[in-house]
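Please read the following briefing alongside the sequence and the coordinates.

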Amino acid sequence: MMIRLYDYYRSSAAYRVRIALNLKGLEYEQVTISLIDGAQKSEEYRAINPSGFVPALEVDGHLMTQSLSIINYLNAAYPEPPFAPTDLIAAAHVRSMAQIVASDIHPVNNLRILKYLKTDLGVEEDAKNTWYAHWITEGFTGLEALAKQHGGEYLSGDVPGLADICLVPQIYNARRFDVSLDAFPVLVGYDAKASALEAFVKAHPDNNQ
């Protein structure tokens with residue numbers, strides 16, 4: 001089987017998929033699509049992903065896009081280790097925590113939004129960074145409370161799963177932009193525990209440049 005990941009090392013969505021592939025123990029080829037150079041907008045790449053985003057995953061000639069959709073595919077195709085508990089309520093809580101990152105925080109803070117704020121709207125660098133920190137803080141405030149209620153050994157329960165896969169890249173981004181995490185000790189703890197695992201270490205941006 002051939003698995004090819006269209007990737008950019010600092011893309012948090014691609015970072016999620018790298019973690020998921022590693023947790024499943026899958027070997028994969030990486031193709032770098034430089035977001036800084038605008039390679040995602042090229043005709044060649046838009047033939048792979050018409051939306052012009054990373055990641056995209058190719059499995060035996062079949063292409064799929066959107067990180068959570070790709071992760072759901074991987075979890076269905078390779079059930080062990082599972083990315084959510086078997087209990088339906090517990091699994092719903094895991095997906096809810098993941099979606100706070102993937103749906104509430106990330107879409108308003110990704111590279112294209114930050115570029116638009118600065119280049120098209122003329123937002124100053126300090127104001128842009130304030131925007132970034134605001135949405136992380138908003139999202140993490142709710143996530144911290146849910147983590148206290150529903151977290152287990154890991155944020156996703158007994159084993160690292162979907163919520164951890166989404167949390168770790170977002171914590172990385174927060175630190176990269178000097179966003180204070182002092183109000184989120186539970187999330188910081190879960191990040192530290194998951195980040196020490198080999199699957200997460202291998203997926204870290206510093207190891208994928």
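Glu29 lies in strand β2, which spans residues 29–32, where helices (H or I, at least four residues) and strands (E, at least two) are DSSP runs numbered from the N terminus. This is a predicted model, in which local features need pLDDT of at least 70 and side-chain atom pairs count only at pLDDT 80 or more, while totals for chains, interfaces and linings use all residues. Residues are numbered from 1 along each chain as its sequence is written, and side-chain values use heavy atoms, with hydrogens and water left out.

**Surroundings of Glu29**

- With a relative accessible area of 37%, Glu29 is partly exposed; buried means under 20% relative accessible area, exposed over 50%, and partly exposed in between, with a 1.4 Å probe and protein chains only.
- Glu29 touches Ile3, Arg4 and Leu5, not counting residues up to four places away in sequence, where contact means heavy atoms within 4.5 Å.
- The C-alpha atoms of Glu29 and Ile3 are separated by 6.2 Å, although these residues are 26 residues apart along the chain.

**Nonpolar cores**

- The largest nonpolar core has 52 residues, and those with the most contacts inside it are Leu21, Leu57 and Phe140; such a core is a set of buried Ala, Val, Leu, Ile, Met, Phe, Trp, Tyr and Cys residues joined through side-chain atoms within 4.5 Å.
- Helix α7 (residues 162–176) supplies the largest share of this core, namely nine residues.
- Apart from this core lies another one, of nine residues, among them Tyr6, Tyr9, Tyr45 and Val54.
- Leu21 touches Ile3, Leu5, Leu26, Tyr28, Leu57 and Leu74, when residues up to four places away in sequence are not counted.

**Helix α8 and its cover**

- The buried residues of α8 are Leu187, Tyr190, Asp191 and Ala194.
- Seen down the axis of α8, these buried residues fall within an arc of 100°, so they line one face of the helix; the arc is that of the directions from the helix axis to the C-beta atoms.
- The elements that cover the buried residues of α8 include α6, α7 and α9.
- Asp191, which lies in helix α8, counts as buried at 4% relative accessibility, and its contacts, not counting residues up to four places away in sequence, are Leu167, Val168, Ile171 and Arg175.

**Aromatic rings and charges**

- A search of the whole structure finds six aromatic pairs; rings of Phe, Tyr and Trp (its six-membered ring) pair if their centres lie within 6.5 Å, and planes under 30 degrees apart count as stacked, over 60 as edge-to-face and the rest as tilted.
- One of these is the edge-to-face pair of Phe140 and Phe184, at 5.6 Å centre to centre with 75° between the planes.
- This pair links distant parts of the chain, since Phe140 is in helix α6 (residues 125–150) and Phe184 in the loop between α7 and α8 (185–195), 44 residues apart.
- Both Phe140 and Phe184 are buried.
- Lys24 lies over the face of Phe83, at 4.1 Å from the ring centre, a charge being over a ring if NZ of Lys or CZ of Arg is within 6 Å of the ring centre and within 35 degrees of the ring normal.
- Lys193 lies over the face of Tyr154, at 5.3 Å from the ring centre.

**Asn208**

- Asn208 belongs to the segment after α9 (198–203) and, at 13% relative accessibility, counts as buried.
- The side chains of Asn208 and Gln30 are joined by a polar contact of 3.0 Å; a polar contact is a pair of N or O atoms within 3.5 Å, and within protein one must be able to donate a hydrogen and the other to accept it, while residues adjacent in sequence count only if both atoms are side-chain atoms.
- Asn208 touches Tyr9, Arg18, Gln30, Lys202 and Ala203, with residues up to four places away in sequence not counted.

**Backbone geometry**

- The peptide bond from Val54 to Pro55 is cis, with omega near 5°, and Pro55 is found in the loop between α2 (43–46) and β3 (56–59).
- Glu80 and Pro81 are joined by a cis peptide bond with omega about -10°, and Pro81 is found in the loop between α3 (67–77) and α4 (88–105).
- Asp60, in the loop between β3 and β4 (62–65), has a phi near 50°, a positive value in a residue other than glycine.
- Gln66, in the loop between β4 and α3, has a positive phi of about 70° although it is not a glycine.
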